[in-house]
Amino acid sequence: MKRIIGLSLICTLLLMGCGSAPKHSAQTPEETINAAFTALKELDMTTFNTYTNNKSEGCHLFSDLSRRPSDNAYYSLAEAVVEDLSWEIHEVQIEGDTATANVTIHNKDFSNTMGIFVTDLITKISDNIDENKSLKSLIHDSTKEAIRSPEVLLPYLQNCEDSFAVEVSIVLKKTDDTWKIQLNDSLCNNLTGNLGSDNFSKDVAEKISAAEELLTRNIERWSITFEKNINRQISE
């Protein structure tokens, strides 16, 4: 269940973004990387999409906020995800219309943050199991509330103190005299602070397991109570 909840929230968050006229121009692979990543930090998805294959292949980063421009809560989430993003370009090799750049990406590490959030959500569901309410409805309502109320996730992102630095090899293709970064799942994950990762620390993984075990016990208790109530109603 934790994967269903986590993936729903991650997909909702990653499918956000805002559009505007391109602000940065780039002629070389280095300039392209700087323009694209700077645009991502500014949530200028028009420029980011100009210099990447975003929305055509790879990850569809921040592509949905343009359809809800007044939704400040989602915008704040996106800002928190890229606020500490930085990068260093070390070496670029060009062969014809293909370039490969060695880059170090720095960002906050949100993998444990999402684990903690999901743990709290599972615990909330467990604590609110009621013999008079459908368990399916409870899980559905709790998950729906978390997705539709992104402000509940924002403090978790803002309080994240973990960070990482990773060296990546970025491939760029030249099309119509424009270099484009070829996004893949790994690069998208790095750019968004491992938000989609389920590689939790041992401590967080144990907390998730404990929350799931508690939920399982409460479901069993709820099932027994529910069955007794049904039998009593039949008898009456």
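1. Let's start with the overall layout: the protein chain has 9 helices and 4 strands. Helices (H or I, at least four residues) and strands (E, at least two) are DSSP runs, numbered from the N terminus. Going along from the N terminus, the order is α-α-α-α-β-β-α-α-α-β-β-α-α.

2. Before you dig in, keep in mind that this is a predicted model, in which local features need pLDDT of at least 70, side-chain atom pairs count only at pLDDT 80 or more, and totals for chains, interfaces and linings use all residues. Residues are numbered from 1 along each chain as its sequence is written, and side-chain values use heavy atoms, with hydrogens and water left out.

3. Now the strands. E1 (residues 86-95) and E2 (residues 98-108) run antiparallel and are joined by 9 bridges; two strands pair if DSSP finds at least two bridges between them. As an example to look up, Ile94 has Ala99 in E2 as its bridge partner. E1 and E2 make a hairpin with 2 residues between them, and Gly96 in the turn has a positive phi of about 65°.

4. E2 also pairs with strand E3 (residues 163-175), again in the antiparallel sense, over 11 bridges. Here you can look for Thr100, whose bridge partner in E3 is Val171.

5. On to the rings: there are 2 aromatic pairs. Rings of Phe, Tyr and Trp (its six-membered ring) pair if their centres lie within 6.5 Å; planes under 30 degrees apart count as stacked, over 60 as edge-to-face and the rest as tilted. Phe37 and Trp87 have ring centres 5.4 Å apart and planes at 85°, so this pair is edge-to-face. It links distant parts of the chain, with Phe37 in helix H2 (residues 29-41) and Trp87 in strand E1, 50 residues apart. Phe37 and Trp87 are both buried, where buried means under 20% relative accessible area, exposed over 50%, and partly exposed in between (1.4 Å probe, protein chains only).

6. Phe117 and Tyr156 also form an edge-to-face pair, 5.0 Å centre to centre with 85° between the planes. Phe117 sits in helix H5 (residues 111-127) and Tyr156 in helix H7 (residues 154-158), 39 residues apart.

7. Finally, the whole chain: of its 236 residues, 42% are buried.
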